[in-house]
Number of protein chains: 2
Amino acid sequence: MKVGILGGGQLGRMLALAGLPLGLRFRVLDPGRDVAAAAVAEHVVGEYEDYAALADFVSGLDCVTYEFENVPVRTAEWLAQRVPVFPPPAALDVGQDRISEKVFFQKLGVPGPTFRAIGDRAGFDAALAAVGLPAVLKTRRFGYDGKGQRVIHDAAEAESAWDLLGGRPLILERLVPFQRELSILAVRGRDGAESFYPLVENHHRGGTLRKSLAPAPGLTPALQTLAERHASAVLRALDYVGVLAIEFFEWNGQLLVNEMAPRVHNSGHWSIEGAETSQFENHLRAGLGWPLGETGMPRPVAMINLLGLLPETPDVLAVPGAHLHLYGKAPRPGRKLGHVTVTASGSEELKTRLAALERQLPQEPH
Amino acid sequence: MKVGILGGGQLGRMLALAGLPLGLRFRVLDPGRDVAAAAVAEHVVGEYEDYAALADFVSGLDCVTYEFENVPVRTAEWLAQRVPVFPPPAALDVGQDRISEKVFFQKLGVPGPTFRAIGDRAGFDAALAAVGLPAVLKTRRFGYDGKGQRVIHDAAEAESAWDLLGGRPLILERLVPFQRELSILAVRGRDGAESFYPLVENHHRGGTLRKSLAPAPGLTPALQTLAERHASAVLRALDYVGVLAIEFFEWNGQLLVNEMAPRVHNSGHWSIEGAETSQFENHLRAGLGWPLGETGMPRPVAMINLLGLLPETPDVLAVPGAHLHLYGKAPRPGRKLGHVTVTASGSEELKTRLAALERQLPQEPH
């Protein structure tokens, strides 16, 4: 069977690496000439709205998935008329507009920060009054990794945020206090079976994920159950198939939803070594109608992104329990070039190993 | 960096799958047109003694390894004049002749069954007298998976064995009583660092490995130490680099060596999920001069070969802890088409899961 992936980046690459042992073959569509997934998949070079390229791409495929959430919905729907597409295009549609996503969460009873949609300057002022400060102004569409957003603490910052982003459809969200950011990876099969990975704790730098700890330290069964209940509501509402990531803010045992991504997710990379079945394999199992794999983890792990600069490979491999994943991408400031998963027999050993790894990582200038 | 592999079968495929995340690229040389490794590596179609093909193959490579032990020694030596080749060609040389291999083990003090080299019929009769019955008659060279050998219990079987194999250089080995067959996977780095996987228990059918249990049930520290001492002697004597497999017969806590394979080995496939670092990754780490990865295993696992016929993928994946590895090869009687590794939290659960898996496997007619 041949699986198509819209996007040929590292997520497509890791999907293919997980699927090849299952007897699957892969084809990616990506406008880039030199893409990470091309080492393990056929590569059709083309834009995502080029229907001639899409016809080339889909020919002979058994199903299609995607590795980024900004896939044009019309493209996903066009493909879905030809082969099964997972996750369902409706998930893209809901998630591509921050307002529709938040309204969707509200309807499902998944709590999140106060927000207001903004059309013009008057709307911005009204939103500031309704939401209060501190808040964060974001574009409604096509934001990722902290791009297209601005935090506002006072009137001066409100002005500069408006100068930067005004004129586009925006959303103002209350900046909620939180102790940490958590995410859950959920997976749902074609038959409706659901499975959940343990909540992980995420650490960002400059809006980009830098480190995930799995499971989240001090994770209680109550918190895990709460996250699973929220994720399950989303999965069922969308008749979802595949892996879904949901990010939360935690505040005193409460979870406020931040956003979701209808795909495999950077905060689930730890699952390659850390879980019984990786998010990549489970995404494929789900999409192909195969039984889901176990999501349990025998021991704590951590994942560190390699951003912008690469360490020397032997320096990483010298750290006990370090598992290196390079994406074959050329270094560029801030770019996700790879990640390292660190396994250990317990949380104390994990801390020691993680510290040893961090000493090997070149630091990018801020 | 680009690694060359002589042979494009499943071992080459799994080496590439292990090496791609480490940032490596691969090229295989194989006379077959449609080979398992081609999904994840460049493929130069050529014979192993075609020096024009070898020149094409080696151009731009950083090092070369091999996935089968019958690589012509001259080819390995020719390549070694151009790029580093691992394991060292001397290991091929010793291992390709069963007599030189057994003499090598003897010199190192690694005990094995009594044997005699046979040149002609008179030599065969002398060997029968010296070795005694039961015994096994084998070709000295190019045997694998039980091919080119015949067990002899009496005079009539001696005649039929001679009719089948006589005329070629042969070896007669005493058929020793044993409780089970065990193997150890050892790895040695360029710097001489050594590491060992736990002994595994192997079950064959018709001369072909069918199942491995890792670690070998009831494995004692004394037996593991004994196997490591033998393996270490072999590694050091050959100034070995890479993964080496050695097969033993166990009889009342004693180990008699059967044979070695200077490569990654079917009885180490469990290490992909079962060990901290797989044999494939450690073979590459060793050959590239990188630190070796940990060989420990957090829990017992089993590996079952898929021979000749393939089960339905969903039936395999429905078994908890089952990890499927298909090689992309067309089914053919007795052919190794893939394997399944089964993980479990303990040995009782492993038994239950293994039994569930075995019920899903189609049986080949005998």
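The side chains of B:Arg353 and A:Glu294 meet in a salt bridge, with N and O 3.1 Å apart. A salt bridge here is a side-chain nitrogen of Lys or Arg within 4 Å of a carboxyl oxygen of Asp or Glu. Between chain B and chain A the count is four salt bridges. The model is predicted, so local features need pLDDT of at least 70 and side-chain atom pairs count only at pLDDT 80 or more, while totals for chains, interfaces and linings use all residues. Residues are numbered from 1 along each chain as its sequence is written, chains are lettered from A and ligands numbered from 1 in the order in which they are written, and side-chain values use heavy atoms, with hydrogens and water left out.

The two chains also share 16 residue pairs in polar contact, both residues at pLDDT 80 or more. A polar contact is a pair of N or O atoms within 3.5 Å; within protein, one must be able to donate a hydrogen and the other to accept it, and residues adjacent in sequence count only if both atoms are side-chain atoms. On chain B, the elements that give two or more residues to the side touching chain A are α1 (10-19), α10 (279-287), α11 (313-317) and β16 (322-326). Helices (H or I, at least four residues) and strands (E, at least two) are DSSP runs, numbered from the N terminus. The largest share of this side of chain B, five residues, comes from β16(B). By class, the side has 16 nonpolar, six polar and eight charged residues. Ala, Val, Leu, Ile, Met, Phe, Trp, Tyr, Cys and Pro count as nonpolar, Asp, Glu, Lys and Arg as charged, and the others, Gly among them, as polar.

The contact takes 30 residues from chain B and 30 residues from chain A, contact meaning heavy atoms within 4.5 Å. Together the chains bury about 2,600 Å², with 56% of it on carbon and sulfur atoms. Buried area is the accessible area (1.4 Å probe) that two parts lose on being put together, summed over both. Of the area that chain B buries against chain A, B:Pro21, B:Glu276 and B:Leu317 supply 21%, more than any other three residues.

On the chain A side, A:Glu276 lies in the loop between α9 (271-274) and α10 (279-287). A:Glu276 is buried, at a relative accessible area of 12%. Buried means under 20% relative accessible area, exposed over 50%, and partly exposed in between (1.4 Å probe, protein chains only). Not counting residues up to four places away in sequence, A:Glu276 touches A:Glu294, A:Gly296, B:Arg299, B:Gly321, B:His323 and B:Thr343. With the side chain of B:His323, the side chain of A:Glu276 makes a polar contact of 2.7 Å.

Over all chains, a search of the whole structure finds 40 salt bridges. One of them joins the side chains of B:Arg236 and B:Glu194 (3.7 Å, N to O). B:Arg236 lies in helix α8 (221-237) and B:Glu194 in strand β10, so the pair ties together parts 42 residues apart in sequence. B:Arg236 is exposed at 51%, whereas B:Glu194 is partly exposed at 27%. Strand β10 (194-196) of chain B also holds B:Ser195. B:Ser195 is buried, with a relative accessible area of 16%.

B:Glu358 takes part in two of the pairings described here. B:Arg210 forms a salt bridge with B:Glu358, the closest N and O atoms being 2.6 Å apart. The pair links B:Arg210 in strand β12 (208-214) to B:Glu358 in helix α12 (347-360), 148 residues apart. B:Lys211 forms a salt bridge with B:Glu358 at 3.4 Å between the closest N and O atoms. B:Lys211 lies in β12 too, so this pair ties together parts 147 residues apart in sequence. B:Arg210 is buried at 10% relative accessibility, and B:Lys211 is buried at 17%. B:Glu358 is partly exposed at 23%.

Helix α7 (155-165) of chain B has the buried residues B:Ala158, B:Ala161, B:Trp162 and B:Leu165. They cover an arc of only 100 degrees around the axis, which puts them on the same side of α7(B). The arc is that of the directions from the helix axis to the C-beta atoms. The face turned away from the buried side carries the exposed residues B:Ala156 and B:Asp163. B:Asp154 caps the N-terminal end of α7(B), with a side-chain oxygen 3.2 Å from the backbone nitrogen of B:Ala156.
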